Amino acid sequence: MDDIELVEKIVICPDESKPNKRMFLSNIDLTLLAYQDSASFFDPPSSQMSFSEICNKLYGALRQMINVHYDFMAGRLVPSSEGDDRFEIDCNGAGIFVATAKTDKKLSEFGEMSVTNAKLKKLVGFLYEEDDEEIDLKDRPLTSLQLTQFGCGSLALASHYNHCTLDGVAISDFEKNLAALTRGADFTVIPNSDRTFLKARSPLKINHPHYEYSKTTNNNHVFTSRSTSGIKIITKPRSMAENRVHVLHLSPQQVSIFKKKISNTSKKISSFQVVAVRVWRARSIAMKMPEEEISTMLFPVEVRKWIVAEVKEKGVFAGNALVPGFARATVKELKEEEEDYLIRKVQEGIERIDEEYVRSGIDWLEENRGVPCSENSFSLVAWWKLGLEDQEFAWGRVKCATPLELKPGLVMMLPGTEGEGGGLNICLDLPEDQLQEFCRIMLQE
């Protein structure tokens, strides 16, 4: 990368070698064998802290993290020792990979930092090797970080981690702890990474059809197969030749107008539900799906309150406890039905998920070894709910946190900037002709 210079690459390992242990991964974890890239941005430090001092604080905090509570993040993904055609984590202390870099360019020269854009992908550029796709899975770090200092003094801390380790809520806790340790404080959240309570039941009890999952092993989807046979985990960002990521901004006033249009419902509706219905309808129609086809929208639903009671005494659950809720309808329904009808579909997708439904889903995955639905579907992720902008590191507070790549089949809801007056940014990947139709339908009043 001509405009970013590598300062150093190091591997942060635990201070002391411990007896190796294997960590069980749940069926929920194993639907998420994909790497995610994101970045947090900081204004220039108000203190006279040098870049070298900042790097050392980061290194020290990471070492504390893996010495105490996050040893599995320094491990490697391996086939299960039980030979049951699944993965687990070998907590072998192989380490977290860290790159530090500098550029003379200002942060503003990398484009809008509040939404996904191609220039920002350079902020994880040193976390990929030329032969990255050829690296054996057991040698691939589960967690990598790149800290970049810009010519204006601003900083970016970018991460590349495997989603099977932590979900968005647990990543937020991870970053809270990392931030606290850089300041010399103690852990603010005590994590518990044990997932054995999420094992499938014996005998299996599948009590629902689970339309949120699919038996396909199409590796071009957001997610990958949980089976160890023939697995290919996509790690590199997509080619720039593919569809450009587009952003549609919705002001708070527009979201309010959308809400007021929903009149025939007795239940309280959220901004997420209202915008989700519009995205679902607009995307399905813009893609010219046949009217008889069923379109499925997935959205993560937080299930910690049902499934983690067993681990509360030992800490806050650190794993994947977001499962896919779903709403499904024919394209004909999406075209002809009122929005309150579709809102109810979304609400039902949230309401159906209770502890028994989650357990049934785990059993379905055990039997079918599937992934989140990949037929005529997409996943809508409300990134703005994660609260990643709340962390205070030794060198300053996070001013913005952004995903660096939009994978196929994903639509992101990101917070609008102060300059935009707040609101929401809808990020999606569509051809230009479909995008125009999508925007037209989204903005209909």
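Trainee: How much space lies in the largest pocket?

Mentor: About 930 Å³, where volume is the space filled by probe spheres set on grid points joined across faces, edges and corners. Bear in mind that this is a predicted model: local features need pLDDT of at least 70, side-chain atom pairs count only at pLDDT 80 or more, and totals for chains, interfaces and linings use all residues. Residues are numbered from 1 along each chain as its sequence is written, and side-chain values use heavy atoms, without hydrogens and water.

Trainee: What makes a set of points a pocket and not a cavity?

Mentor: On a 1 Å grid over the protein atoms alone, a cavity holds points where a 1.4 Å probe fits but cannot get out, while a pocket is an open set with protein on both sides within 12 Å along at least five of seven lines. Lining residues have an atom within 4 Å of a point. Here 41 residues line the largest pocket, and His163, Pro300, Leu322, Val381 and Ala382 are the closest to its centre.

Trainee: Which element gives the most to that lining?

Mentor: β12, with 5 residues. Strands like this are DSSP runs of E, at least two residues, and helices are runs of H or I, at least four, numbered from the N terminus.

Trainee: Why is α4 called roughly perpendicular to α7?

Mentor: They pack at about 110 degrees, with axes 9 Å apart. Angles of 65 to 115 count as roughly perpendicular, so α4 gets that label against α7. Angles run from 0 to 180 degrees between N-to-C directions, with axes fitted to C-alpha atoms over the stretch in contact.

Trainee: Which residues of α4 make the contact?

Mentor: Gln273, Val274, Val277, Arg278, Trp280 and Arg281, contact being heavy atoms within 4.5 Å.

Note on methods:
Angles under 35 degrees count as roughly parallel, over 145 as roughly antiparallel, 65 to 115 as roughly perpendicular and the rest as oblique.
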